[in-house]
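Dear colleague,

I am passing on the structure below, together with my notes on it. Please read the notes with the model open beside them.

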Amino acid sequence: MKKILSLITVTIVLGISSSHAVTIYEEDFSDALGGWSTNYTGAGIFGIDGGAMAWLGKNVDQNPTQSSGTWFSPLINIAGFTDIKIFVDVWTKNDREFETNDYLSVGYDLDSNGITNITTFFGAIPDQTVMSSSLSGTSLKVAIEIFNTGTNEFTYFDNVKVTGTPVPDTSTTFSLLGLAIFGLAFYRNRK
Ligand SMILES: [Ca+2]
Ligand SMILES: [Ca+2]
Ligand SMILES: [Ca+2]
């Protein structure tokens with residue numbers, strides 16, 4: 001009896017503690033836009049830079065309203081996961097060309113509640129990976145806003161990744177528990 005109870009405990013504990021972070025979404029822009037979209041309507045350069053295989057914003061203010069552009073990932077389903085984290089590589093090329101009003105913001109739209117900012121860089125950006133805090137919800141869009149003003153100002157992002165930890169499946173846990181109780185009854189009947 002004691003042995004079986006401890007077996008049940010071990011099974012449940014193992015089932016819960018085996019949860020670890022997995023990749024839910026990943027985009028490296030190596031072939032196409034991957035379903036990304038933008039609200040940008042200006043005459044500057046935006047989209048995939050074939051040489052860098054990354055998303056590029058250049059001369060973004062070349063449009064009548066002198067405004068930035070925001071790029072959105074496809075809707076990512078994060079239901080059934082906890083501890084959601086977003087990772088994005090960002091950098092600039094021709095760093096000396098940048099002024100302090102040029103910027104890049106990394107953010108997200110969680111459950112269609114509007115954009116929450118993770119971080120904003122002004123001027124040139126040393127190569128780095130932006131990471132969000134831990135999030136939870138049911139759907140997510142990564143949102144990246146870029147503003148710059150010159151034909152030699154290249155602002156990039158790439159390698160967008162979303163990770164999360166699967167929520168333990170309670171139905172599986174209860175099935176295992178049921179099976180264990182059934183086994184216990186069988187064991188006791190045999191005695
Ligand atoms: Ca890439
Ligand atoms: Ca400049
Ligand atoms: Ca500028």
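Helices (H or I, at least four residues) and strands (E, at least two) are taken here as DSSP runs and numbered from the N terminus. This is a predicted model, in which local features need pLDDT of at least 70 and side-chain atom pairs count only at pLDDT 80 or more, while totals for chains, interfaces and linings use all residues. Residues are numbered from 1 along each chain as its sequence is written, and chains are lettered from A and ligands numbered from 1 in the order in which they are written.

The overall picture

The protein has 2 helices and 12 strands, and their order from the N terminus is α-β-β-β-β-β-β-β-β-β-β-β-β-α. I call two residues in contact if their C-beta atoms, placed from the backbone, lie within 7 Å. Among the contacts in the protein with a separation of 6 or more, 75% are between residues 24 or more positions apart. For burial, a residue is buried if 20 or more other C-beta atoms lie within 10 Å of its own, exposed if 12 or fewer, and partly exposed in between, the C-beta atoms again being placed from the backbone. Of the 191 residues in the protein, 25% are buried.

The core and the strands around it

A nonpolar core is a set of buried Ala, Val, Leu, Ile, Met, Phe, Trp, Tyr and Cys residues joined through C-beta atoms within 7 Å. The largest one holds 30 residues, and the members that touch the most others are Val 88, Val 90, Val 142, Ile 144 and Tyr 156. At least two residues of this core come from each of strand E4 (54-58), strand E7 (81-93), strand E8 (103-110), strand E11 (139-147) and strand E12 (154-166). In soluble globular proteins, nonpolar side chains tend to be buried together.

Which residues does Ile 144 contact, leaving aside its neighbours within four places in sequence? They are Thr 70, Trp 71, Val 88, Leu 104, Ser 105, Val 106 and Phe 157.

Two strands are said to pair if DSSP finds at least two bridges between them. E7 and E12 run antiparallel and are joined by 10 bridges, with Val 90 standing opposite Phe 157 in E12. E7 also pairs with strand E10 (residues 128-131), in the antiparallel sense and over 4 bridges, and there Phe 87 stands opposite Met 131 in E10.

Phe 154, which is found in strand E12, counts as buried because it has 22 C-beta neighbours inside 10 Å. Not counting residues up to four places away in sequence, Phe 154 touches Leu 56, Lys 58, Thr 92, Lys 93 and Asn 94. The C-alpha atoms of Phe 154 and Trp 55, which are 99 residues apart along the chain, are separated by 10.0 Å.

The loops

Asp 111 and Ser 112 may deserve a look on the display. Asp 111 is found in the loop between E8 and strand E9 (115-122), and Ser 112 has its place in the loop between E8 and E9 as well. Asp 111 has a positive phi of about 55 degrees although it is not a glycine, and a positive phi of about 55 degrees is likewise found at Ser 112, also not a glycine.

Gly 35 lies in the loop between strand E1 (22-27) and strand E2 (37-38), and is exposed, with 10 other C-beta atoms within 10 Å. Between the C-alpha atoms of Gly 35 and Leu 75, which are 40 residues apart along the chain, the separation is 9.2 Å.

Finally, Asp 61 is placed in the loop between E4 and strand E5 (69-72), where it counts as partly exposed with 19 C-beta neighbours inside 10 Å. Asp 61 and Ala 43 are 18 residues apart in sequence, and their C-alpha atoms are 7.9 Å apart in space.

With best regards
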